[in-house]
Amino acid sequence: MRTVAFVTQKGGSGKSTLASSLAVAAQEMKETVCVIDTDPQGSLTNWAKTRETRDIEVVASGAARLPALLAQLKAKGFTLAIIDTPGAEGPASAAAMVVADLNIIPSRPSMFDLWASARTRAALKDIGGDFVFLLNQCPPAQQTARVQDGVETLEEMGGLISPLILARVDYQEAVRHGWGVTELNPNGAAAEEMRSLWASIRRRLARIKPRSAARKAA
Ligand SMILES: Nc1ncnc2c1ncn2[C@@H]1O[C@H](COP(=O)(O)OP(=O)(O)O)[C@@H](O)[C@H]1O
Ligand SMILES: [Mg+2]
C-alpha cells in the first residue's frame, strides 16, 4: 500500500477537494483506495456521508493512531491511502508527513499561498519527507504572469507535479454530491485533470522507496 498526504497549513488551498476527487479517479484506475480524514472539521467524513456508494472507505483519525491505522488498512488489502490534513500546523499534519510516501502541497497561484508552501516544504525537508507541489485553482487563461510566476517559484522550490489544476465548477459540484469529478462529468476537463494527476503521482511513487521501509532501514 502506498500513502499520499495532502499537506499545507494554508486553508482553502484545495486539500480536501483534491483528495476526494483524486481518491475516486485512482479507484477508477484500479486502485483499492481508502481515505483518512485527520481534519477535525471532517470535510471528507461529511463527503463520505453524502456519497451513496460505500466503495471508498473513509476513516477519521487523530495523529497518534495514524501509524497503527495504516498497518490495519494495509492488512485489509488497500493499495492506496490518501490522507487529508487540517489547514494548520499541528500534530495531525506532522504525523501525516512522517507516514506518507509522498506529500502533495497544493497551492493557489498567489503569493500568500506560495509563501505558506515554503514553510510546509521546510517542515518536510526537516523530516526527510518526499514532496511535490501542485498548483490549484489556476485562472482559466493559463498563461497569465501570475500562474507563470507560481510555476517558476514552485519548480525552484523542488518540483511541481503536472498537470496544473484550473478553477472549475466541477470540483465544487462533485463535492456537493459526494462524488469525484470523474463521476460528475467523466468527459469533462476536470475529470481529465484528475486522471492525469493520478498517473503523475503513480509514476512518482514508482520511483520512491516506501517510507515505512526507509524508516526501518534508518
Ligand atoms: N480546482 C478548484 N476549482 C474550483 N474550486 C476549488 C478548486 N479547488 C478547491 N476549490 C474550492 O476552494 C475552497 C477550498 O477548498 P478545500 O478543498 O476546502 O481546501 P482545504 O481543504 O485546503 O482547506 C472550496 O470552496 C473548494 O470548493
Ligand atoms: Mg480541508
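On a 1 Å grid over the protein atoms alone, a pocket is an open set of points with protein on both sides within 12 Å along at least five of seven lines, while a cavity is a set of points where a 1.4 Å probe fits but cannot get out; lining residues have an atom within 4 Å of a point. Grid points are joined across faces, edges and corners, and a volume is the space filled by probe spheres set on the points. In these terms, the largest pocket holds about 280 Å³ of space.

This is a predicted model, in which local features need pLDDT of at least 70, side-chain atom pairs count only at pLDDT 80 or more, and totals for chains, interfaces and linings use all residues. Residues are numbered from 1 along each chain as its sequence is written, chains are lettered from A and ligands numbered from 1 in the order in which they are written, and side-chain values use heavy atoms, with hydrogens and water left out.

The lining of the largest pocket comprises 18 residues, and those nearest its centre are G14, T17, Q137, Y171 and Q172. Helices here are DSSP runs (H or I, at least four residues), numbered from the N terminus. The helices α1, α2 (43-50) and α7 each supply at least two residues of this lining, and α1 contributes the most, with 4 residues.

The space of the largest pocket is taken by ligand 1; a molecule sits in a pocket if more than half of its atoms lie within 2 Å of its grid points. Around ligand 1 there are 15 residues, the closest being G12, K15, T17, N136 and Q172, where a residue is near if one of its heavy atoms lies within 4 Å. To this shell, α1 (15-28) and α7 (169-177) each supply at least two residues, with α1 giving the most, 3 residues.

Several polar contacts (pairs of N or O atoms within 3.5 Å) involve this ligand. A polar backbone atom of G12 is 2.7 Å from an oxygen atom of ligand 1. Polar side-chain atoms also approach oxygen atoms of the ligand, that of K15 at 2.9 Å and that of S16 at 3.0 Å. Of the 560 Å² of accessible area that ligand 1 has on its own, the protein covers 76%, as computed by the Shrake-Rupley method with a 1.4 Å probe.

The largest cavity holds about 30 Å³ of space, and V7, T8, Q9, A88, E89, S93, M97 and T120 line it.

Methods
A polar contact is a pair of N or O atoms within 3.5 Å; within protein, one must be able to donate a hydrogen and the other to accept it, and residues adjacent in sequence count only if both atoms are side-chain atoms.
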